[in-house]
Amino acid sequence: MLKLKSWLIISLTTLCFSCVKNSDFKPPETNCNDKLVSNASFLDVINLYQGETIQIQENWILEGYVVSSDKAGNFFGELYIQDSIEQPKYGLKIEIDLRDSYLWYPVGSKVFIRLKGLYLGKNKEGFKLGGAVTFFGNLSVGRLPKTILKNHLTVSCSEVENIEPLEISLDMLIGVPQNTLVRIKNLEFVDEELGEPFAVEAEETERVLQDCQGNLITLVNSGFSDFQDTILPNLSGSITGILVKNNEDFNLRIRSLEDIEFKSERCPKIVDEFTSNAIFISELADPDNAPEGRFIELYNSDNNTMSLKGWKLLRYTNNSTEVSSSIDLTDYSILGKSTLVISSKPESFELIYGFLPDVSAGANSAANSNGDDNIVLVDPFGKTVDIFGVIGEDGSGTNHEFEDGRAVRNTNISKGSTSYNFMEWTIYNDSGEALTTNQPQTAPENFTPGKH
């Protein structure tokens with residue numbers, strides 16, 4: 001019986017040790033140091049940069065706190081360090097050639113950076129430190145080799161701190177220090193992203209977030225992260241992540257899915273597209289002496305400024321029943337009691353009329369009609385707000401021909417019409433058919449762009 005017990009003890013002991021894949025396994029050495037003292041600030045380091053990558057010669061030691069982690073695989077070969085555990089003013093990225101760096105440099109750990117010999121540079125994502133790499137003779141910052149990393153980056157022996165993210169909103173990003181840990185509330189993924197995973201496998205992937213006011217920010221995810229194939233949540237809430245600036249745009253990068261706290265219903269739908277018959281076509285021009293002076297004028301009879309987001313001007317050429325060309329008016333608005341002038345050739349328009357048009361539409365657009373086409377103004381929902389002409393009928397010889405002339409809306413008209421009404425217009429042309437006026441118009445004297 002005693003022999004059996006001894007055998008069981010030996011077997012269990014052997015089994016337990018066999019769970020360790022490598023008999024030499026041991027946790028990473030902390031190599032912590034409490035004797036180092038910082039003698040430089042983040043601003044001191046940043047001020048060394050004069051427009052090109054340099055090697056730091058100053059015998060400086062910089063103190064900071066780790067805010068990134070590669071545990072979930074969404075960061076690779078980089079550490080983000082900020083200058084304090086809360087309300088940071090500066091952040092830097094350190095390029096390192098070290099996998100699983102979170103084991104040595106966990107989030108919240110205080111680190112000391114021996115700066116002498118490191119390279120300082122700047123790219124579209126801000127300032128960074130590291131080793132040197134040369135591309136076609138151009139020096140830039142690359143990953144600091146693992147063999148010399150410990151000579152430059154040392155962890156303090158003090159306890160890991162709880163980093164307090166900087167609370168911000170999307171309408172206050174200007175001035176927020178980049179490369180720092182932030183938390184943004186009331187975010188959700190845009191409708192177009194729902195149903196998609198966080199990232200395409202093996203590809204860095206951008207997903208778009210918005211707040212309840214429609215402000216946007218991009219979430220950047222690695223296709224190698226352990227949450228790559230997780231479907232984006234269809235809720236709203238807060239996100240904690242590293243804020244980086246990509247040229248003029250801000251991006252956010254999370255450490256893991258724990259940085260996302262989406263527990264609330266999605267934001268109410270923002271309706272910023274609307275319809276109004278106060279916007280209508282007020283003048284169409286085909287000058288007899290200057291085809292390059294053709295234009296379309298829209299008028300807003302309302303007292304308020306109106307956005308044209310989603311609005312379009314459609315041209316049906318001659319007797320076509322299909323749209324021949326379209327002008328997207330999304331980027332424009334019309335002040336109350338004011339006009340919007342659309343030209344196909346803005347430079348020529350300016351020479352003729354003495355000012356630039358509001359919209360440059362292109363040579364094949366509705367603004368370049370030769371007088372026998374049909375023009376339709378549609379709202380963001382695809383409904384006709386106003387129309388000139390009869391779709392499917394060539395204008396030649398009809399009461400909607402303005403060839404070599406002008407079609408101007410009568411001043412008593414204050415709203416658009418969903419069907420063409422000749423009585424609302426005064427039409428000049430070179431034929432005088434169907435009660436129109438046979439009186440070719442010359443530019444600029446016979447036209448009034450911008451004045452309805």
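Which residue stands opposite L166 in strand 11? The points below give the answer and then turn to other features.

1. Basis of the note. This is a predicted model, in which local features need pLDDT of at least 70 and side-chain atom pairs count only at pLDDT 80 or more, while totals for chains, interfaces and linings use all residues. Residues are numbered from 1 along each chain as its sequence is written, and side-chain values use heavy atoms, with hydrogens and water left out.

2. Strand 11 and strand 10. Helices (H or I, at least four residues) and strands (E, at least two) are DSSP runs, numbered from the N terminus. Two strands are said to pair if DSSP finds at least two bridges between them. Strand 10 (residues 166–168) and strand 11 run parallel and are joined by 3 bridges. In this pairing, the residue opposite L166 is V182 in strand 11.

3. Other partners of strand 11. Strand 14 (residues 236–246) runs antiparallel to strand 11, with 6 bridges between them; here V182 stands opposite G241. Strand 12 (residues 205–211) also pairs with strand 11 in the antiparallel sense, over 3 bridges, and E188 stands opposite Q210 of strand 12. As background, strands of a sheet pair through backbone hydrogen bonds, either parallel or antiparallel.

4. Burial of strand 11. A residue is called buried under 20% relative accessible area, exposed over 50%, and partly exposed in between (1.4 Å probe, protein chains only). Strand 11 (residues 180–189) is largely enclosed by the rest of the structure, because 8 of its 10 residues are buried.

5. Disulfide C32 and C157. With a disulfide taken as a pair of cysteine sulfur atoms within 2.5 Å, a search of the whole structure finds 2. One of them joins C32 and C157, whose sulfur atoms are 2.0 Å apart. This pair links distant parts of the chain, 125 residues apart: C32 is in the loop between helix 1 (2–18) and helix 2 (42–46), and C157 is in the loop between strand 9 (153–155) and strand 10. The torsion about the S-S bond of C32 and C157 is about 90°, so this disulfide is right-handed. C32 is partly exposed at 34% relative accessible area, and C157 is partly exposed at 36%.

6. Disulfide C212 and C267. The sulfur atoms of C212 and C267 lie 1.9 Å apart and form a disulfide. C212 is in the loop between strand 12 and strand 13 (216–221), and C267 in the loop between strand 16 (260–264) and strand 17 (279–285), so the pair ties together parts 55 residues apart in sequence. The disulfide of C212 and C267 is left-handed, because the torsion about its S-S bond is about -65°. C212 is partly exposed, with a relative accessible area of 27%, whereas C267 is buried at 10%. With the bonded cysteines of the chain numbered in sequence order, the pairing is 1-2, 3-4.

7. An open sheet of 7 strands has mixed pairing and the order 24-23-18-17-27-28-29. Its edge strands, strand 24 (359–360) and strand 29 (437–438), each pair on one side only. Strand 23 (residues 338–343) runs parallel to strand 24, joined by 2 bridges, and I342 stands opposite V359 in strand 24. Helix 4 (residues 346–353) lies across strand 18 (295–300), strand 23 and strand 24, running at about 120° to strand 23. For this angle, axes are lines fitted to C-alpha atoms, for helices over the stretch in contact (heavy atoms within 4.5 Å), and angles run from 0 to 180 degrees between N-to-C directions.
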